[in-house]
Structure formats: structure tokens, C-alpha cells
Amino acid sequence: MVVPVAIAATAVLPLGAPATAATQAVASPRVSASDVNGDGFADLAVGVPDATVDGKARAGYVDVVWGGPKGLGKSGDTRVTQALPGVPGTPEKGDRFGAAVSTADMNGDGRTDLVVGVPGEDVNGSGADAGTVVVIHGARGGLGTGATVVNGPSSSTAYGTSLAAADLTDDGRTDVAIGARDSVVLKPGGGSATTVFTGAMGGRAPVLATGDLDGSDDGVPELATGYWSTTPFTQSHVRLWSWSPEEKSLANFWNTDNAGVSALAAGDFDGDGHDDLALGECREIADENIDDPCGPEERALGGGIHVHYGAGIPWNFGYRQQTLNQDTPGVRGTAESDDHFGAALTAADVNGDGRDDLIAGAPGEAIGDRAGAGAATLLLGGPKGLLDAGGTGHSVAFHQNTPGVPGAAEPGDAFGSAVATGDYDHNGTTDIAIGSPGENSGSGGIWVLPGASAVGSYDFTPGKLGLPSPSSALKYGGILGNP
């Protein structure tokens, strides 16, 4: 059970240094995004909510895999559970600690902290499955103590089903947007939780992302939400919200309806200084005479990615659009039913040209006759965005049968279920991490592409990391924290 506590600055009480971490100090390292332990190398947080902890089924944990000179997994990992001192709560059956993980500097100390969703947590004073969100602070050499961000107010509210962390209120403190059962809630860094919106979502977790999307180019991020409503009929929505100082709440300023999405990612794909929004696995849900909310209908086969491009003023956001799938010229692969192309998205400037690129997972992709083996595609940004003036994309596809990528594509691997980026070896180039939760009969694993290349790529699995019960259905790699 969790007793409600307030956010507070915490002293460093290491939860565990890297199990095999190199001990050489790095002189004044450049702080990297997702650098939890302050050594200059990006780290990766892996949510494992289905894991058994202390005999409690699906109590869950978060595994922090430490970056280092040789990349991820070569410098050890730290398993964070509610059984550790300094972490709020205790492991209980069905807590699902790690069901959502976001990374951000929550206390302004220059190190990345972990924001963890625990939607199955029973909370004193609220009830069963009220859910909670906790922060575990990064610290020099490992991890510090944790604190509760916010608890669900009543039973079955399931706070922490999805998360996004950013300074949405422009007060210099990191805020947390929280997906819950039938609601999205904002917990400001310096205030009480407020409801962004409520609606019957049929038990689905709302999809959340942040980016500077209102055209002001002030560097203050906005919140993007994707969700389904089930009353009075099934309908879907993508909405953008910006902070209103007058109302002291997030205000809705842009909508597209009937666009059902599995993922959202913000990035400046055309390099014009305005953030754009990619809608992953976009498909029309319901029809209220809204024409093609996800672009041409034929581009939805197998999963389509629909991009709304930013502009200098809020009401022109999304006026320019592009839609692509695996049948688009220049996009690797072939669009087939159940590919789930775009089910996972992340944006980063992988090739260093000043434009963001998009990494799209397709966990249902068949590789040869191996159904559901999965793939991930790197879509390069350009002057016109993800497609050039002639409507052609520029891409590279990866799967376990790609030359240089370890392993072999097998049915149900679900390679591409989650994607993340970071400079894990601190060599100045962006690396890509790809989750494959179906690997090894559901034990799972993660593949890393250094410099976004198959050359030198490697993998790590629960067995290689020495995690408990490595052959059980951990689905390791299904949830990756990303800045």
C-alpha cells in the first residue's frame, strides 16, 4: 500500500550502483539526455510490469541499463522495485510497477530522473487500483531515493497507465502528464494535480507526447493526447493543449477527430524551426463526415504515419500534412494487414543534419514467412519533411534478418514494439534501441544500433543481464523510457 506523500527534494541513498560498472571517473562529462548517473553516457530505462517480485505476480520493476564506452548492457544494470529502500510502496500482486516510464530532470540537478507509472497500486484512502506515479532521482554513481508524484483519488482510477514529463507550465519546473482510466491529469512541478479532460475510453490508455507545437517557438512544450471515446459511440481524437496562465490549466487549442493512433511523436522533421506531430498507426475510427483524418485511406494499410506540420501561428498548425506507409516510394517494406507500422515512434536528429528523423516500429511485420517477427524503420527528415517534393521517402529498415543485426527473425518476436534513442556510448552520434518483447518465447530483449547502423549492432536479454526468472514471460523490451 502507498501512503500519500508530497513531492520533496531527497538526499542521495543509492538504490544500487551498476552491477559491473566501470569505476574509472570521467572528468567533467558532458551531460547527456537520459543520463541518470551523471557519467556522461545516456542510460536506458526498461519497464517490466509483468515481472514477479518477491513472489508477487505482475508486481513489476524498472531495469536501468547503464550506458558506457562499449554501449548499453556492457556496464551492468540496476533493477528498481518497490522492495528497495527509498522507493515508495511495497511489491503487491498486480501493481504493474513500470507500466509506463518517462525520463526527465525533475529536481533540476542536471541528472535524469525516472518517472514511473504503477496503475495497479492500491492506495490508502483511495482504494484498489487507484494507481500512483513515483519519481526515482538520478544520482552520481547510481540512483537516489524516490518520492510519490501523485496518487489516484479513488479505486480503479489507474493513475500511471501512460506518462509524459516536461515543463508544460513554463515555470522552470518539470511537470508530469498522467494517463489514467478515462482521464488525463496534469501534476505541475509546484502545484496540485488538475484534470486535463475526462471521457469514457473503454479501458485504453491515452497516448501522450510533448513538443513545441503551438507555433510560438518559445521553447515551451505543449501536450499532445490521443485517445478513444466510447460514449455515445466509439470515436477517436488527437488534441493539443497549451498552458493558460490565466486559467492555470491546460487549454485545448487544436483537434483532429476520428484519427485513432497507437503512438505520437513530436519533432522538427523539415527543419523550419517549428515542431511537427507524427501520428503513428493512424486509422479512421468512426465517421462523422470528416474526410480522411489520417490522409488517403489506402495509406492506412498495414499502419500509416500521418504528419501534421507546424507553422508560425497556432491556427495554421497541421495545415500542411503528409501521409506514408510501407507502400510509399522510398519507404522500405510492403504494406500488409497487421504490420502495425507506426505502433511505436520516437524522433531524433539521427544523422546530424539539423532535421529530426523518425524511428517507427512495426512489431507485426512478417519477415519472410515468420509472422509477427517485427521490424523498425528509420525515416529521414528533409527540407519538405519525411517525404520529398515528389512524395518519396528516404529510409532504412532493420530487423533480425538484416545483415549485421544479431539473432534471427522468428514468429512473434514483435521486434519494434518500442523504440528509443540516446548516445549510449558517448561518441557524439545517436544510437537506436529497439525492443523485442516476444523474443525467446516472451522473455524479450533489446537490440542497439550504434550510430543508427547495423554495423556493430548488438543485443542484450534478461538472461545476459542476469535478471531473475529470465526465461519467464517478462516481455522485456516492450516499454522503453525516452526523453
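Is Asp109 buried, exposed or partly exposed? Asp109 counts as partly exposed, because its relative accessibility is 31%. The views below come from a predicted model.

**View 1. Asp109 and Arg111 form a salt bridge.** The closest N and O atoms of Arg111 and Asp109 are 3.7 Å apart. Side chains of opposite charge can pair when their charged atoms come close. Arg111 is buried, with a relative accessible area of 17%. Asp109, at 31% relative accessibility, is partly exposed.

**View 2. Arg320 and Asp270 form a salt bridge between two loops.** The closest N and O atoms of Arg320 and Asp270 are 2.7 Å apart. Arg320 lies in the loop between strand E19 (304–308) and strand E20 (321–324). Asp270 lies in the loop between strand E17 (263–267) and strand E18 (276–284). The two residues therefore tie together parts that are 50 residues apart in sequence. Asp270 is buried, with a relative accessible area of 8%, whereas Arg320 is partly exposed at 32% relative accessibility.

**View 3. Asp50 and Arg96 meet through their side chains in a salt bridge.** The N to O distance in this salt bridge is 3.6 Å. Asp50 sits in the loop between strand E1 (44–48) and strand E2 (61–65), and Arg96 sits in the loop between strand E3 (77–80) and strand E4 (100–104). The pair therefore ties together parts that are 46 residues apart in sequence. Asp50 has a relative accessible area of 19% and is buried. The cut-off for buried is under 20%, so Arg96, at 24% relative accessibility, counts as partly exposed.

**View 4. Asp50, Arg58, Arg96 and Lys475 belong to one salt-bridge network.** These four residues are joined by salt bridges that share partners. The structure holds 9 salt bridges.

**View 5. Strands E4, E5, E6 and E7 make an open sheet.** The sheet has 4 strands in the order E4-E5-E6-E7, and their pairing is antiparallel. E4 and strand E7 (142–151) stand at the edges. Each of these edge strands has a single partner strand, so one side of each is left without a neighbour in the sheet. From one strand to the next, the twist averages 20°.

**View 6. E4 pairs with strand E5 in the antiparallel sense.** Strands of a sheet pair through backbone hydrogen bonds, either parallel or antiparallel. Which residue in E5 is the bridge partner of Thr103? That partner is Leu114.

Conventions:
Residues numbered from 1 in each chain as written. Predicted model: local features only at pLDDT ≥ 70, side-chain atom pairs only at ≥ 80, totals over all residues. Heavy atoms only, no water. Buried < 20%, exposed > 50% of the residue type's maximum accessible area, 1.4 Å probe, protein only. Pairing = 2+ DSSP bridges. Axes fitted to C-alpha atoms, helices over the stretch in contact; angles between N-to-C directions.
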